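Hello,

Here is the structure we talked about.

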Amino acid sequence: RKKDTPLSACGTYSWTLTRRWDERPMLVACMFNQAQPIKGDDPTISPLCQIAAFNEYGGLTVVNGIPLRSATPAPALQMLEWYRTGERYDRDRLQDNVSHIRSLISKAGTVLLAWGALAGRTESSINWFDRIQEEIAETLPDNVLVYCLGKTKQAIQNTPFARGKYKVPKTAKLIPWDEK
């Protein structure tokens with residue numbers, strides 16, 4: 001399995017993560033943010049690779065709605081408060097990330113929305129992920145399908161790391177995302 005996870009020079013940000021296991025088409029997944037595991041992959045990546053393989057993809061490229069690598073979601077959510085904190089560096093990294101998302105989506109064959117309930121935790125996160133979804137819709141090539149792994153009761157796309165009744169099996173079929 002080929003792995004690629006380019007990081008910023010400081011190691012704080014990750015724009016994409018790619019895993020390829022064969023030559024079949026790639027799945028592009030947009031998620032919340034990348035955890036900062038002690039070693040190995042973020043806990044969502046292994047099950048997502050299994051889901052992608054089960055759905056007959058030969059690899060996975062993940063782009064995160066928030067580029068900050070963090071062990072907990074709080075710092076990523078805080079990054080979205082740049083307009084209140086005055087952290088222009090956070091604003092600039094988020095804007096850079098939108099460019100990465102648009103670039104990947106413009107070349108995608110299939111897109112999976114999987115940012116999970118964290119995207120609905122604060123007003124800032126709701127607004128940000130609504131913007132990410134709009135950017136994806138504007139950039140999406142014709143005839144490219146958009147999927148999810150199910151939805152929460154708030155109609156937010158499940159993450160492969162969902163727990164409880166929203167837990168996603170490793171043999172989950174991708175579900176067409178219907179914005180209605």
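This is a predicted model: local features need pLDDT of at least 70, side-chain atom pairs count only at pLDDT 80 or more; totals for chains, interfaces and linings use all residues.

Residues are numbered from 1 along each chain as its sequence is written, and side-chain values use heavy atoms, with hydrogens and water left out.

The sheet

Helices (H or I, at least four residues) and strands (E, at least two) are DSSP runs, numbered from the N terminus. Two strands pair if DSSP finds at least two bridges between them. An open sheet holds 7 strands, with mixed pairing. Their order is β1-β2-β4-β3-β5-β6-β7. β1 (2-4) and β7 (175-176) are at the edges. Each has a single partner strand, so one side of each lacks a neighbour in the sheet.

β2 (residues 16-20) and β4 (residues 59-64) run antiparallel, joined by 5 bridges. Leu17 is opposite Val62 in β4. Arg20 has Gly59 of β4 as its bridge partner. β1 and β2 also run antiparallel, with 3 bridges. There, Lys2 is opposite Arg20 in β2.

Helix α1 (residues 45-54) lies across β2, β3 (26-31), β4 and β5 (110-113). The helix runs at about 135 degrees to β4. Axes are lines fitted to C-alpha atoms, for helices over the stretch in contact (heavy atoms within 4.5 Å), and angles run from 0 to 180 degrees between N-to-C directions.

On a 1 Å grid over the protein atoms alone, a cavity is a set of points where a 1.4 Å probe fits but cannot get out; a pocket is an open set with protein on both sides within 12 Å along at least five of seven lines. Lining residues have an atom within 4 Å of a point. A volume is the space filled by probe spheres set on the points.

The largest pocket has about 530 Å³ of space. Its lining counts 25 residues, with Thr44, Pro73, Leu118, Thr159 and Phe161 nearest the centre. The second largest pocket has about 160 Å³. Its 13 lining residues include Trp115, Ile126, Asp130, Gln133 and Ile156, which lie nearest its centre.

There is 1 cavity of 30 Å³ or more. The largest cavity has a volume of about 40 Å³. Leu17, Thr44 and Val62 are among its lining residues.

Best wishes
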